[in-house]
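Thanks for coming. Please have a look at the model on the screen, and then I'll walk you through a few parts of it.

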Amino acid sequence: MNQYNAKDIEHFFNRYEKHVSHVIVAHTHHRPYVASRDVGRFKNIRADQYAKAKIVETGNDLRHALNCFGKLLYPAHPNRPKQNPNVFRPLTFVTIEGAKETTDRAQTIHVNIAIGNLPSVLNTEDIEALFRHAWHDMAHQSSDVKVFDYKQIEGQSRWMGYSLKEAQQAPYKAWDTNSIWDVSNCWIPHAALKAD
């Protein structure tokens with residue numbers, strides 16, 4: 001089995017980059033700071049166990065939010081993304097970061113999502129409102145969500161550097177059971193993109 005590193009992941013992303021229209025940074029309520037303290041309800045949990053559990057929980061919450069978001073994209077036909085995902089489900093490339101022991105009380109575990117294959121009638125503000133609703137109201141996570149038009153990001157190539165910075169700093173975290181790259185929440189709608 002290959003041990004993928006940040007460069008491999010970036011190469012995979014670059015194959016589909018032309019289809020990415022927006023990027024999303026969504027924070028969770030999970031604070032790795034609590035894992036660094038030996039008090040309260042976490043005193044018998046090792047920091048790495050806490051981080052792994054929260055990465056799994058974040059991935060599950062994100063899956064739910066992305067499913068809800070997909071339905072919100074087509075209000076007249078909310079089941080389109082589920083019935084025909086290769087055409088209507090959004091392209092998603094996901095990394096989860098911030099799940100490392102820290103003394104920074106403000107740091108949260110957060111997800112970075114490169115997204116595409118969205119209805120053309122939606123602008124950046126619409127996408128942010130819909131995703132915030134899915135993430136905060138439906139998946140019960142933080143309301144701290146930012147959406148950016150990918151084509152307007154200065155130095156687009158830096159997005160992958162930002163998204164994979166922890167995988168570059170700790171290569172073993174790039175591809176693991178609870179890795180930086182959240183493969184289970186990535187999706188490529190091949191029919192919609194006419195991609196291989």
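How many bridges join strand β1 to β3? Seven, and the two strands run antiparallel. β1 covers residues 20-27. Strands here are DSSP runs of E, at least two residues long, and helices are runs of H or I, at least four long, both numbered from the N terminus. Two strands pair if DSSP finds at least two bridges between them.

A word on the source. This is a predicted model, where local features need pLDDT of at least 70, side-chain atom pairs count only at pLDDT 80 or more, and totals for chains, interfaces and linings use all residues. Residues are numbered from 1 along each chain as its sequence is written, and side-chain values use heavy atoms, with hydrogens and water left out.

Back to β3. V20 stands opposite G116 in this strand. β2, residues 91-97, also joins β3 by seven bridges, and that pair runs antiparallel. There, F93 has A114 as its bridge partner.

Is β3 buried or exposed? Seven of its seven residues, 110-116, are buried, so the strand is largely enclosed by the rest of the structure. Buried means under 20% relative accessible area, exposed means over 50%, and partly exposed lies in between, with a 1.4 Å probe and protein chains only. In a regular strand, side chains alternate between the two faces of the sheet. In β3 both faces are covered: H110, N112, A114 and G116 are buried on one side, V111, I113 and I115 on the other.

Now the rings. The whole structure holds six aromatic pairs. One is F69 with F131, edge-to-face, at 5.5 Å centre to centre and 75 degrees between the planes. To pair, rings of Phe, Tyr and Trp (its six-membered ring) need centres within 6.5 Å; planes under 30 degrees apart are stacked, over 60 edge-to-face, the rest tilted. F69 sits in helix α2 (residues 47-73) and F131 in helix α5 (residues 124-138), 62 residues apart. Both are buried. Elsewhere, ring pairs link F13, F93, Y150 and W181 into a cluster.

Last, nonpolar or charged: how does the lining of the largest cavity divide? Nine residues are nonpolar, one is polar and none is charged. Ala, Val, Leu, Ile, Met, Phe, Trp, Tyr, Cys and Pro count as nonpolar, Asp, Glu, Lys and Arg as charged, and the others, Gly among them, as polar. Among the lining residues are F13, V20, F93 and W187.

How values were computed:
On a 1 Å grid over the protein atoms alone, a cavity is a set of points where a 1.4 Å probe fits but cannot get out, and a pocket is an open set with protein on both sides within 12 Å along at least five of seven lines; lining residues have an atom within 4 Å of a point.
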